[in-house]
Amino acid sequence: MFVISDGIRGHVNQSRGVAHFLSLITGCEVRELEARPAGFLAKIKAKRAIDKDGNGKALVRWLKRTGGLSFPEAVKETLLSLNAAGEEVLFLSAGSGVAPLCLSLGRLFKGGCATIMTPAVLGTRPFDFAVVPDHDFPKSSKNVLVTLGAPNFVTEEKIRQEAERLKELFPPRFEKRIGLLLGGDDGNYRITPRWIEGVVKPVFEHADKNGADLYVTTSRRTSEESEKALEGLAQKHPCVRYLCLASRDPYNPLYGIFGLATHLLATEDSVSMVSEAATAGFRVGVLLAERKKSVKRLAEGLCKHLVDWKILSAGCLFGVPKFVLTIERFCERDLACFIKDFADFESFVEGSFSGKHGVQFCEAKRAAEWIASSWEKGESAR
């Protein structure tokens, strides 16, 4: 199979996760092709080319105009080296940017094509397989698998390897170890120095007082001011065993933290972090972030009321209410719980509940099993 990658970390993580489990299930080899994301006009032209019947000449013309003729050649060379036919190949991509290329290659080689998320312009209908998170509210279709959150590349092997590495560098001192994953600023949320003082500081104080190690990481969306505030706070609290500031360190410590932690906290602005932590086996404590104030919040609130009154469908939700609904669905399955105040935090780390949920949850594996099973049965969207 071929993974068509746009180089965006979140998209790569999702497609590699599904590809990994497809490889384990079917024994297929996985090759990755990196491509430049297509612009809006290129997507429209790709859709027109894909919609045309014929022998693929329209697709070849589109590839030529976009500078993508090298990709069919790369696929041909690989198939020749593997002594494989195009009909045996699955092309997989995540996001909208490279979805037209993925679909074009699938059509040209008469193989299968799969998308993760709903591609803009193209939609999910032309694909044989579409893996779509429930917060995108996809329409029911035989070629669509609805997932809770996004699939990811969290595996037991990676967790074990990275945990050994992190343990060697920053060995834990206490039986209780708390992982803290901080997001950052986006169109809906903010992680500010004030928020760190009000939310993170009490967590540090509790850990110092009660004997717990903290393994902390920020994201690339965390502002410089907030990272400085966090760094200054960590220097005052010996409970902080490890702090990774994403703006300064390219290393991704998530897997190591998953392997060492007994409890896991993540901020609500990142559904992907919540999904990854739940996949790693944690009942995630979700910390409320600051909401950005804007006119958009009023529109979101009005829409939420209309949905509650059943005037609009849940698919109309956007912004903060949409994020909250997604995390509530994790909570309904006991994969997460909201931490709304310090009392909730104390109950989360000191209560009778384990920090792990103890159930099988891996959406990448489930997606791979669905694709492999459908492929074997000869089922197709077309």
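Analyst: Six strands make up an open sheet with parallel pairing, in the order 10-9-7-11-12-14. The model is predicted, so local features require pLDDT of at least 70 and side-chain atom pairs pLDDT 80 or more, while totals for chains, interfaces and linings use all residues. Residues are numbered from 1 along each chain as its sequence is written, and side-chain values use heavy atoms, leaving out hydrogens and water.

User: Why is the pair of Phe 342 and Phe 345 called tilted?

Analyst: Rings of Phe, Tyr and Trp (its six-membered ring) pair if their centres lie within 6.5 Å; planes under 30 degrees apart count as stacked, over 60 as edge-to-face and the rest as tilted. For Phe 342 and Phe 345 the centres are 5.7 Å apart and the planes stand at 40°, so the pair is tilted.

User: Why does Phe 342 count as partly exposed?

Analyst: Buried means under 20% relative accessible area, exposed over 50%, and partly exposed in between (1.4 Å probe, protein chains only). Phe 342 has 36% relative accessibility and therefore counts as partly exposed, whereas Phe 345, with 2%, is buried.

User: How do you know that the charged end of Lys 356 sits over the ring of Phe 282?

Analyst: The criterion requires NZ of Lys or CZ of Arg within 6 Å of the ring centre and within 35 degrees of the ring normal. The charged end of Lys 356 is 4.8 Å from the centre of the Phe 282 ring and is assigned as sitting over it.

Definitions and conventions
Two strands pair if DSSP finds at least two bridges between them. Helices (H or I, at least four residues) and strands (E, at least two) are DSSP runs, numbered from the N terminus.
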